[in-house]
Amino acid sequence: MAELAAKTEAGRALVYNLTHRMDEEFLPAVKNALANGTTIHDELKKLKGARWTKYSAEAKLFCSNVAMEVADECVTLCGGIAYMRDFPLEKYMRDAKITQIYEGTVHIQKNEIITALIKEYASKEGEE
Ligand SMILES: Cc1cc2nc3c(=O)[nH]c(=O)nc-3n(C[C@H](O)[C@H](O)[C@H](O)COP(=O)(O)OP(=O)(O)OC[C@H]3O[C@@H](n4cnc5c(N)ncnc54)[C@H](O)[C@@H]3O)c2cc1C
């Protein structure tokens with residue numbers, strides 16, 4: 001239970017850190033769009049360096065897997081009764097499982113992360 005609690009906090013921290021950093025960059029983009037008469041999309045395109053796709057994919061991958069691990073362990077702890085539809089745990093497990101499937105499966109998130117890592121590595125190689 002302690003490890004599950006720690007992993008849940010780690011996932012929460014990953015998401016909050018990501019969204020905080022996104023807010024910091026996106027809010028100026030919104031303000032610039034209003035000031036310059038451009039679109040938010042135009043302003044966001046000017047941002048260089050931030051790899052939101054990679055960070056988002058990392059957060060979704062980690063949190064989906066933690067959610068599934070937590071739900072699975074809780075079902076194991078409670079035994080057969082947790083598997084029955086009479087109690088909410090079986091739904092929590094299905095709710096956790098779907099996060100590994102929709103909005104980009106865990107494998108697709110991994111594809112995104114490795115693609116970003118290869119690009120980062122290639123651009124660093126070019127600098128040297
Ligand atoms: C309850 C529920 C709600 C949904 N809601 C929506 C919604 O609101 N809007 C919407 O658009 N869709 C929705 N979906 C669909 C969901 O996005 C898809 O189920 C999901 O994208 C996976 O696609 P698929 O089911 O066709 O599986 P497949 O693409 O057939 O994948 C099967 C397996 O192969 C793996 N795989 C597939 N391609 C690759 C690859 N290139 N590399 C590595 N592994 C791969 C997958 O990770 C998965 O494990 C929903 C699905 C469910 C079950």
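By class, the shell around the ligand comprises four nonpolar, three polar and no charged residues, where Ala, Val, Leu, Ile, Met, Phe, Trp, Tyr, Cys and Pro count as nonpolar, Asp, Glu, Lys and Arg as charged, and the others, Gly among them, as polar. The residues that surround the ligand are I98, I101, Y102, T105, H107, I108 and N111, a residue being near a molecule if its C-beta atom, placed from the backbone, lies within 6 Å of it. Helix α6 (residues 106-127) gives the most to this shell, with three residues. The model is a predicted one, in which local features need pLDDT of at least 70 and side-chain atom pairs count only at pLDDT 80 or more, whereas totals for chains, interfaces and linings use all residues. Residues are numbered from 1 along each chain as its sequence is written.

The protein has six helices and zero strands, both taken as DSSP runs numbered from the N terminus (helices H or I, at least four residues; strands E, at least two). Its radius of gyration is 19 Å, well over the 14 Å that the globule rule gives for 128 residues, so the protein is more spread out than a compact globule; the radius is taken over C-alpha atoms, and the rule is 2.2 Å times the number of residues to the power 0.38. Along the principal axes, the C-alpha atoms fill a box of roughly 60 × 40 × 25 Å. Buried residues make up 9% of the 128 residues, with buried meaning 20 or more other C-beta atoms within 10 Å of the residue's own, exposed 12 or fewer, and partly exposed in between, all C-beta atoms being placed from the backbone.

Helices α3 (residues 52-78) and α6 pack at an angle of about 145 degrees with their axes 9 Å apart, the axes being lines fitted to C-alpha atoms over the stretch in contact and the angles running from 0 to 180 degrees between N-to-C directions. The residues of this contact divide into five nonpolar, four polar and five charged. W52, which lies in α3, is 64 residues from A116 in sequence and 10.0 Å from A116 in space, C-alpha to C-alpha. W52 counts as partly exposed because 15 C-beta neighbours lie inside 10 Å.

In the loop between α5 (89-99) and α6 is E103, which has a positive phi of about 55 degrees although E103 is not a glycine. With 11 C-beta neighbours inside 10 Å, E103 counts as exposed.
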